[in-house]
Amino acid sequence: REACVAGWVGFLKMARVLRWEEIDPEIQVYENSAVVTYYFDMACEMNGQTVELSGRDMFFFVKEDGKWWAVADQFSSYPQ
């Protein structure tokens, strides 16, 4: 949990999100685990410049004591 939150906090300290879109989200549940995938398209401001980013994001969740916990987050840009 701490690593996932720290990664996003670090990003938001460097960038101001101007636009965020999740495309074609898919959720697959396997008993007490789940995989969430989607494509993303975003724009953010970094160092005074607008940066366009797009790619695929994947989260892995585990259900413990009735609560879902994000245990992994992986993202990648589209292949060039």
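How do the residues of the lining of the largest pocket divide into nonpolar, polar and charged? They comprise seven nonpolar, three polar and one charged. Here Ala, Val, Leu, Ile, Met, Phe, Trp, Tyr, Cys and Pro count as nonpolar, Asp, Glu, Lys and Arg as charged, and the others, Gly among them, as polar.

## Basis of the model

The model is predicted: local features need pLDDT of at least 70, side-chain atom pairs count only at pLDDT 80 or more, and totals for chains, interfaces and linings use all residues. Residues are numbered from 1 along each chain as its sequence is written, and side-chain values use heavy atoms, with hydrogens and water left out.

## Largest pocket

The volume of the largest pocket is about 230 Å³. A pocket is defined on a 1 Å grid over the protein atoms alone, as an open set of points where a 1.4 Å probe fits, with protein on both sides within 12 Å along at least five of seven lines; lining residues have an atom within 4 Å of a point. Grid points are joined across faces, edges and corners, and a volume is the space filled by probe spheres set on the points.

The lining consists of Gly7, Trp8, Phe11, Trp20, Phe40, Met42, Leu53, Ser54, Asp57, Phe75 and Ser77. At least two lining residues come from each of α1 (2–14), β2, β3 (49–64) and β4 (67–77). These elements are DSSP runs, numbered from the N terminus: helices are H or I with at least four residues, strands are E with at least two.

## Nonpolar core

Eight residues form the largest nonpolar core: Phe11, Ala15, Val36, Tyr38, Phe40, Met42, Cys44 and Phe59. Strand β2 (residues 33–46) supplies the largest share, five residues. Such a core is a set of buried Ala, Val, Leu, Ile, Met, Phe, Trp, Tyr and Cys residues joined through side-chain atoms within 4.5 Å. Buried means under 20% relative accessible area, exposed over 50%, and partly exposed in between (1.4 Å probe, protein chains only).

With residues up to four places away in sequence not counted, Cys44 touches Phe11, Ala15, Arg16, Val17, Leu18, Gln49, Thr50, Val51 and Leu53. A contact is a pair of heavy atoms within 4.5 Å.

## Salt bridges

The count of salt bridges is three, each being a side-chain nitrogen of Lys or Arg within 4 Å of a carboxyl oxygen of Asp or Glu. One of them pairs Arg16 with Glu45 at 3.3 Å, N to O. Arg16 lies in strand β1 (residues 15–30) and Glu45 in strand β2, so this bridge ties together parts that are 29 residues apart in sequence. Arg16 is partly exposed at 49% relative accessible area, and Glu45 is partly exposed at 31%.

Asp41 and Arg19 meet at 3.1 Å, N to O; Asp41 is in strand β2 and Arg19 in strand β1, 22 residues apart. Glu52 also bridges to Arg19, with the closest N and O atoms 2.5 Å apart. This pair links strand β3 to strand β1 across 33 residues. Through shared partners, Arg19, Asp41 and Glu52 join into one network.

## Ser33

Ser33 belongs to strand β2 and is buried, with 16% relative accessibility. Apart from neighbours within four places in sequence, Ser33 contacts Gln28, Phe60, Phe61, Val62 and Trp68.
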